[in-house]
Amino acid sequence: MTINPETVGPEAVGSAPAVQPVKRSVIGQLLRNPQGAACLAYLALVVLIAVSAPWLAPAGPNVTDLAATNAPPLTAGHPLGGDSAGRDILDRLIWGSRQTVVAVLVVVVVSVLLGVIAGLVAGFYRGRFELVASFVTDVIMSLPGIVLLIALYALTGPNIPAAMAVFGVLIAPTYYRLVRSIVLGVRNELYVDAARVVGLSDLRIVGRHVLWAVRAPVIIQSSFVMAAAIGIEAGVSFLGLGDPAGASWGIVLQTSFNAIYNNAWAVLWPALVISLTILTLVLLGNALSDVLQSSARSKLLSPRRRHALVAAADRAKKTAPVADSALVGSSDDVVLSVRDLRIGYPTAGGVDEVVHGVDLDVRRGEIHGLVGESGSGKSQIAFSTLGILPREALILGGHVLLDGEDLLADSRLMLAARGRRIGYIPQEPMSNLDPSFTIGAQLVYGLRATRPMSKGEARRRLVELLARVGITEPERVMRLYPHQISGGMAQRVLICGAVASDPDIIVADEPTTALDVTVQAEVLELLRELSRERGLAMILVTHNLGVVADLCDTVSVMKDGRIVERADVEAIFESPRQAYTQQLLSSSRRVELMEI
Amino acid sequence: MWLSSLKNLVRSLAVLLVVTFATFSLMFGNAPGIAKAVLGLAATPEAVQGKVVELGLDRPLLVQYWSWATHAIQGDLGRSFYTGEPVSDALASRVPVTLALIVIALLLTAVLSVILGVTAAVRGGSVDRALQFVSVLGTAVPAFIVAIALVLVLAIRWPVFPATGYVSPDASLSGWAASLVLPVTALLIGSVASAAQQFRSAVLDTLGRDYVRTLRARGIDERYVVFRHVLRNSAAPGLTVLSLTMLGLLGGAVFIEQVFALPGMGQLANASAQINDVPMVMGTVLVTIVIVLVVNFLGDLAITIANPKARAR
């Protein structure tokens with residue numbers, strides 16, 4: 001069977017998605033979602049028809065009318081026609097829905113009971129039970145369920161509910177994995193600890209806190225499991241493993257398929273009903289996860305919507321107070337300048353602007369510090385000068401000028417400048433090297449992408465440069481993979497990668513934050529030397545005023561997406577003009593005192 | 001690397017033992033039921049008892065399993081209760097049909113879903129939404145219904161391909177290919193839909209990694225970032241997707257063989273199960289499990305080779 005709830009759902013089972021607590025009733029929320037409401041209505045109709053079959057088709061599913069043998073649709077008294085034995089197809093489908101509903105119930109009850117309980121126990125108590133349960137789960141999930149179902153036919157006979165119970169066992173692992181991973185996450189949460197300390201029994205804790213956390217994911221998963229159950233029920237009946245005397249959608253399909261040359265129409269109805277019901281459950285599952293885990297969905301917008309948002313933001317633009325100072329626009333020695341840059345992210349209600357009209361100038365050879373708390377927008381500015389903002393980010397306005405040319409206005413200019421004239425040093429060294437390639441391979445490749453030269457030439461230059469950035473055995477390091485070197489070494493490699501193509505300016509995003517304190521000082525010293533030797537300008541993004549004092553010539557202080565003060569470094573440290581800068585300075589001094 | 005492969009091998013063998021023993025005891029546990037099924041419902045209790053003894057079903061289960069397993073290792077899977085045909089002979093003619101079906105479908109799935117998944121992830125926008133929509137449809141509609149639709153349209157309404165039957169490649173290569181077009185297509189739709197979706201998320205995941213941003217910042221052309229770095233780093237999750245796909249195809253083939261009357265393993269299992277021909281069913285279960293374990297083992301090996309960190313160990 002190709003229906004596998006693991007692949008149908010938007011969330012892979014086993015990962016614990018961020019689930020918002022269920023606040024209002026699930027049904028209530030679902031009814032407000034058009035897709036969810038439509039799906040629920042359809043499913044309610046199916047259940048209603050199943051329940052009222054004795055009244056809708058009082059004659060039962062097996063009345064034969066020889067005149068209706070292989071009758072086309074709209075024959076008198078048989079709106080959907082008759083099958084090869086002269087039985088009314090509509091009546092048979094109505095009665096068949098009973099078996100479908102029963103089958104789905106059996107599967108869900110068996111699999112939820114088994115999977116959720118085993119998952120709760122394994123996640124909460126761990127130990128040997130978890131080991132055994134996880135092994136069994138792996139084994140079951142690695143087998144094609146339908147083959148086992150067929151094999152166990154010897155045991156169950158033509159008995160669909162029994163076969164569905166077996167299928168429930170076979171699909172229980174999807175719940176087990178889901179619940180176990182969530183419980184493992186919740187287990188160590190503070191509120192569970194608190195409940196323990198208060199002395200609640202394990203049963204109460206599981207009932208009150210843990211069950212609450214697994215509720216939404218289990219509901220979503222159930223929708224996909226039901227879809228799989230309908231597919232399997234129909235499939236098993238279609239294979240001829242069902243009770244031939246009963247009526248089910250799968251059996252109707254099988255009978256019609258066997259007479260397909262005589263009455264092709266008869267195949268259509270059961271195929272349609274089965275597909276539509278499965279599709280509805282899948283869509284319901286998607287709607288449920290939209291409603292219950294809206295945060296887990298990406299908010300990537302279409303180009304048209306992005307344009308509309310940018311235009312709207314432009315109209316609504318507040319004239320930002322440009323606290324101009326002598327440092328902006330005063331010199332023709334400027335390499336890179338940022339003008340009125342505004343960056344936002346789409347939200348449910350529109351755009352959340354995170355950078356509000358920032359101006360910044362960096363002169364040749366100058367090291368410019370960009371300081372501020374995390375979330376103040378400094379990394380966003382750094383990324384936008386290189387055109388490497390996350391995909392969902394919106395540039396709402398402004399310019400990034402490299403020697404007077406606007407990189408934001410022309411993506412070709414940006415591509416030509418990126419890596420060649422503007423280099424980038426990232427924050428976290430280990431995650432910024434491609435783990436699948438050797439250091440040498442990725443450095444050589446990167447250099448040759450920006451400066452045409454032979455492989456040997458690139459290698460020779462990089463070995464020299466690696467030695468320059470303080471790597472002792474450059475030839476050997478070139479042959480290593482990223483996981484084989486230390487964080488400090490990795491950061492030196494990344495600095496080498498940024499400097500190799502001789503850029504005019506380097507954007508360094510917290511280049512020392514992830515390093516050990518001893519290594520930090522060495523890397524800062526290296527950056528200072530490189531800047532001097534090569535006349536490199538630098539934008540140094542940091543939250544650390546110590547780094548600024550140590551390295552920078554000028555500094556911009558950011559708060560909440562605005563630059564609140566900019567000055568020469570001495571001026572800032574001697575007489576900060578803005579209240580926020582004073583606050584920042586005094587708090588960092590306090591930290592230094594504490595460290596002493 | 002050798003150590004982890006050895007561990008995988010031991011684990012696979014353990015799974016093989018556990019699963020075959022479990023299915024064996026479930027199927028052979030009901031001795032009178034089997035005998036009654038073989039003899040027909042009218043059989044007297046004495047006759048049933050005689051048949052139980054004759055088939056060796058009166059022995060303890062462990063003894064029966066031991067004798068089955070030791071023979072199975074030598075390639076002897078017993079004989080059909082009905083025709084007396086050796087199970088291994090029946091399988092020898094059936095397994096190639098199923099394997100041809102799923103291997104062709106797997107290769108096509110790999111190619112198509114990589115192309116679709118990467119395109120959707122890299123392009124985004126309307127291409128992505130279109131793929132998402134189609135793949136919900138593709139995963140929701142069961143393979144056997146797709147198969148019936150194909151028969152209806154391309155075999156009955158416009159008879160382009162044969163509706164049923166199988167032509168051996170020895171008899172006619174083009175006939176063989178024609179007999180597989182519709183079955184493979186029916187399997188493909190669901191598996192491409194779900195695999196492309198998973199490739200898409202694997203590629204999106206890699207695209208969001210820090211080193212991809214750094215590579216871009218280093219001035220490397222986006223095409224090369226995608227084809228050299230992103231694809232390479234999506235290889236491991238991609239291989240996992242493919243081994244899961246293989247599993248899905250193995251299950252889907254059972255239905256497809258039924259629709260197209262292909263003499264494959266699934267059809268043999270189904271036909272044998274309906275007449276309680278237990279040795280035959282047990283044989284197909286064994287072959288299925290062996291295929292699954294071999295695929296998983298090779299998949300793990302390939303993932304290890306693709307990952308420099310695991311390779312070094």
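**A sheet in chain A**

Strand β6 (residues 422-425) of chain A and strand β7 (residues 505-509) of chain A run parallel and are joined by 4 bridges. This is a predicted model, in which local features need pLDDT of at least 70 and side-chain atom pairs count only at pLDDT 80 or more, while totals for chains, interfaces and linings use all residues. Residues are numbered from 1 along each chain as its sequence is written, and chains are lettered from A and ligands numbered from 1 in the order in which they are written.

A word on terms. Helices (H or I, at least four residues) and strands (E, at least two) are DSSP runs, numbered from the N terminus. Two strands pair if DSSP finds at least two bridges between them.

How covered is β7(A)? Mostly: 5 of its 5 residues are buried, a word that needs 20 or more other C-beta atoms within 10 Å of the residue's own, with 12 or fewer counting as exposed, anything in between as partly exposed, and C-beta atoms placed from the backbone. In a regular strand the side chains alternate between the two faces of the sheet. In β7(A), A:I505, A:V507 and A:D509 point one way and A:I506 and A:A508 the other, all of them buried.

The whole sheet is open, has 6 strands in the order β6-β7-β8-β3-β9-β10 (chain A), and shows mixed pairing. Its edge strands are β6 and β10 (562-568) of chain A, each pairing on one side only. Neighbouring strands are turned by 15° against each other on average, direction ignored; axes are lines fitted to C-alpha atoms, for helices over the stretch in contact, and angles run from 0 to 180 degrees between N-to-C directions.

**Two helices in chain B**

Helix α5 (residues 87-123) of chain B and helix α13 (residues 278-306) of chain B have axes that come within 10 Å and cross at roughly 50°. That makes α5(B) oblique to α13(B), since under 35 degrees counts as roughly parallel, over 145 as roughly antiparallel, 65 to 115 as roughly perpendicular and the rest as oblique. The contact (C-beta atoms, placed from the backbone, within 7 Å) is made by B:V87, B:A90, B:L91 and B:V95 of α5(B) and B:P279, B:M280, B:G283 and B:V287 of α13(B). These residues divide into 7 nonpolar, 1 polar and no charged. Ala, Val, Leu, Ile, Met, Phe, Trp, Tyr, Cys and Pro count as nonpolar, Asp, Glu, Lys and Arg as charged, and the others, Gly among them, as polar.

In the loop between α12 (265-274) and α13 of chain B is B:I275. B:I275 has 15 other C-beta atoms within 10 Å and so is partly exposed. Leaving aside neighbours within four places in sequence, B:I275 is in contact with B:A37 and B:Y82.

**Where the chains meet**

How many residues does each chain bring to the contact? Chain A brings 64 residues and chain B 67 residues. On the side of chain A that touches chain B, α13(A) gives the most, with 7 residues. That side of chain A divides into 40 nonpolar, 19 polar and 5 charged residues.

Terms used. Two residues are in contact if their C-beta atoms, placed from the backbone, lie within 7 Å.
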